[in-house]
Amino acid sequence: MPATPDFDLLIIGAGAAGLFCAAQAGQLGLRALLIDHSPRLAEKIRISGGGRCNFTNREAGPGNYLSENPHFCRSALARYTPQDFIALLQKHGIGFHEKHRGQLFCDEGSERIIQMLRDECDAVGVQRWQPCTVAAVHALDQGFELETSQGPVRAPSLVVACGGLPVPKIGASDFGLRLAQQFGHDLVTPRPALVPLTFSEQSWAPFAELAGLSLEVVVSAGQGKQRTRFLEDLLFTHRGLSGPAILQISSYWQPGQAIEIDLLPTLDLAAALREAKSGSRKQLGNVLGEWMPARLAQTWLAQQGLDGSRPMADCRDKDLEALARSLKQWQLTPAGDEGWKKAEVMRGGVSTRELSSQTLESRRQPGLYFIGEVVDVTGWLGGYNFQWAWASAHACAQGVLARQQQLSADAATA
């Protein structure tokens, strides 16, 4: 490594984690270079939250994340909290609002977050090469050299913040995963998460015409202690199910496994049907339509072989009990999911077994760091993944500073 490298750290990936890490490093007095192959900055921020960027969640904590090591994210999340990022928005005069269950969105849109991160980087002299591709990464005695489309560049520390595989149309790739493997890191098999689930054409045919219909449900999946449930909105699509409920459970669902849906989670349906039978002259379809969308009620009764025009008083008790069970415990097995093109995040990634939870530094290659989505830490829907980006970037910048100080001390005593 030359005595005077070009930068103190190189960051591959100018998304949420990369931008924030560069800004944090610059504020610590480090010389940072951001490299990204895309001509546009932070495309995933731009399209997130319907264009309003669900930038964090007030309640974010370790329990909101999936990983083979569920405790790995604890340190970084504790040292950079949602309140810390909120304070940064307030410093920049960015308005925001809480939409649902702690989810915070920008009032004026995602572009304000991107501009804030750009301003934070510019204020501390962060340099950015964009668009710029990285052809090769070489380890040196005390650092790295990158071969790029703008020429070679060197630094003692390299931060991999290139995200995961979702939404390939905006430039997502497996570059970060391949780089991890180059340096001997294991991967937890990547798969789409926060993604709509699909069903075979034949099994879904009775429900395809319900596309666009939504309602609040409880959805669950998994076995024993691993069973997980969410109370969220469900959306019927032409090919299957989507909406927050399904996106949430998709991160926990395993191929071949059934999911279970309670379509009327706030109602004791069996008791309500018994009461309606004893005190109502209405037809079964009309009664059911008082508690759920009429189209769904009609379709459901047809699937159960029940006549919606039948007066409640004429309905058999066992039929009403079976109807209640079917709506409260709808079990169905997805054929698959909508894949990377519709997934919001990636589950899996660089194994945390060989990363420091304090600094995100590789235990295999000194000076190599992995942050954000490329790491095997996956948040729930609702701002949690952005909070991991901010927290892991902050921890990484602190780690790079400590490493830089140690290198300087070693050089002074050499």
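Lys44 has a relative accessible area of 29% and is partly exposed. The model behind these exercises is predicted.

**Exercise 1.** Find the salt-bridge partner of Lys44 and state which parts of the chain the pair ties together.

Solution. 
1. Lys44 forms a salt bridge with Glu373, and their closest N and O atoms are 2.9 Å apart.
2. Lys44 belongs to helix H2 (residues 43-47), while Glu373 sits in the loop between strand S21 (368-370) and strand S22 (378-379), so the bridge ties together parts 329 residues apart in sequence.
3. Buried means under 20% relative accessible area. Glu373, at 16%, is therefore buried.

**Exercise 2.** Decide whether Asp317 and Lys277 are buried, partly exposed or exposed, and locate the bridge between them.

Solution. 
1. The side chains of Asp317 and Lys277 meet in a salt bridge of 2.7 Å, N to O.
2. Asp317 lies in helix H12 (residues 317-328) and Lys277 in helix H9 (residues 269-279), so the pair ties together parts 40 residues apart in sequence.
3. Asp317 has a relative accessible area of 45% and is partly exposed. Lys277, at 22%, is also partly exposed.

**Exercise 3.** Describe the pair Arg178 and Asp174.

Solution. 
1. A salt bridge joins the two side chains, at 2.8 Å from N to O.
2. Arg178 is partly exposed at 45% relative accessibility.
3. Asp174 is partly exposed as well, with 32%.

**Exercise 4.** How many salt bridges does a search of the whole structure find, and which residues are linked with Arg40 in a network?

Solution. 
1. The search finds 21 salt bridges.
2. Glu43, Arg46 and Glu111 are linked with Arg40 in a network of salt bridges.

Technical notes. Residues numbered from 1 in each chain as written. Predicted model: local features only at pLDDT ≥ 70, side-chain atom pairs only at ≥ 80, totals over all residues. Heavy atoms only, no water. Salt bridge = Lys/Arg side-chain N within 4 Å of Asp/Glu carboxyl O. Helix = DSSP H or I, 4+ residues; strand = E, 2+ residues; numbered from the N terminus. Buried < 20%, exposed > 50% of the residue type's maximum accessible area, 1.4 Å probe, protein only.
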